[in-house]
Amino acid sequence: MQYIGFGYDVHQLTAGDNLRLGGIDIPHTKTTVGHSDADVLIHALCDALLGAANLGDIGSHFPDTDNTYKGIDSTILLQKVVNLLQKEGYVLHNADCTICLQKPKIASYIPQMKEVICPILQCNHFSIKATTTEKLGFVGNESGISAYAVCIIKKA
């Protein structure tokens, strides 16, 4: 059997000197706001993985009311999610993610993101895409960033 999961995350943007995305820092004039490092890509991916395994969501496992996760690197959270799935007997078959942001253009950073994330997932069938919202909405006016993720897991 295969199981599909979907994840979505949003974070506010504020003045800063880099954007944490896909486990890497991208030079930019804005940064994300959140309890952890506010990496929307990894958060959406965690939710997709947890949802596929019927294990709740990222907030139920790593609540923003717990200071243990204050400022934590989201790659650590992703590793914990992968470990949880493995404990339940699941492996990732593939994942596809889309990041929505107006600026900066991030296509050249996607290979670096994959270098960070693929070893954690133990899967090379992992896609990252980026798009703008053509200057519409909170993404378009650069007050926020969002990410979507879908994955298929299967029993090991």
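Which residues touch the most other members of the largest nonpolar core? They are Leu21, Leu45, Leu49, Leu78 and Leu121, in a core of 46 residues. The model is predicted: local features need pLDDT of at least 70, side-chain atom pairs count only at pLDDT 80 or more, and totals for chains, interfaces and linings use all residues. Residues are numbered from 1 along each chain as its sequence is written, and side-chain values use heavy atoms, with hydrogens and water left out.

A nonpolar core is a set of buried Ala, Val, Leu, Ile, Met, Phe, Trp, Tyr and Cys residues joined through side-chain atoms within 4.5 Å. Buried means under 20% relative accessible area, exposed over 50%, and partly exposed in between (1.4 Å probe, protein chains only). At least two core residues come from each of β2 (18-21), β3 (24-27), α1 (40-52), α3 (74-87), β5 (90-100), α4 (110-121), β6 (126-131) and β7 (144-155). The largest share, 10 residues, is supplied by α1. Helices (H or I, at least four residues) and strands (E, at least two) are DSSP runs, numbered from the N terminus. Leu45 has contacts (heavy atoms within 4.5 Å). Leaving aside neighbours within four places in sequence, its partners are Leu78, Ala95, Cys97, Ile117, Leu121, Phe126 and Ala149.

The largest pocket holds about 240 Å³ of space. Its lining numbers 15 residues, and Ser36, His43, Ile58, Phe62 and Asp64 are the closest to the centre. Two or more lining residues come from each of β1 (2-15), α1 and α2 (58-61). The most, 3 residues, come from β1. By class, the lining has 6 nonpolar, 6 polar and 3 charged residues. Here Ala, Val, Leu, Ile, Met, Phe, Trp, Tyr, Cys and Pro count as nonpolar, Asp, Glu, Lys and Arg as charged, and the others, Gly among them, as polar. On a 1 Å grid over the protein atoms alone, a pocket is an open set of points where a 1.4 Å probe fits, with protein on both sides within 12 Å along at least five of seven lines; lining residues have an atom within 4 Å of a point. Grid points are joined across faces, edges and corners, and a volume is the space filled by probe spheres set on the points.

The whole structure contains 4 aromatic pairs. Rings of Phe, Tyr and Trp (its six-membered ring) pair if their centres lie within 6.5 Å; planes under 30 degrees apart count as stacked, over 60 as edge-to-face and the rest as tilted. Tyr3 and Tyr90 pair edge-to-face, at 5.8 Å centre to centre and 85° between the planes. This pair links distant parts of the chain, with Tyr3 in strand β1 and Tyr90 in strand β5, 87 residues apart. Tyr3 is partly exposed because its relative accessibility is 28%. Tyr90, at 12%, is therefore buried.

Phe62 and Tyr69 are also edge-to-face, at 5.3 Å centre to centre and 75° between the planes. Tyr69 lies in the loop between α2 and α3. Its relative accessible area is 13%, so Tyr69 is buried. Ring pairs also join Phe6, Tyr8 and Tyr148 into a cluster.

Backbone geometry has its exceptions. Most residues other than glycine have a negative phi, and most peptide bonds are trans. Lys103 and Pro104 are joined by a cis peptide bond, with omega about 0°. Pro104 sits in the loop between β5 and α4. Ala38 has a positive phi of about 60°, in the loop between β4 (30-33) and α1. Glu134 has a positive phi near 55°, in the loop between β6 and α5 (137-140). Ala38 is buried, with a relative accessible area of 1%, whereas Glu134 is exposed, at 63%.
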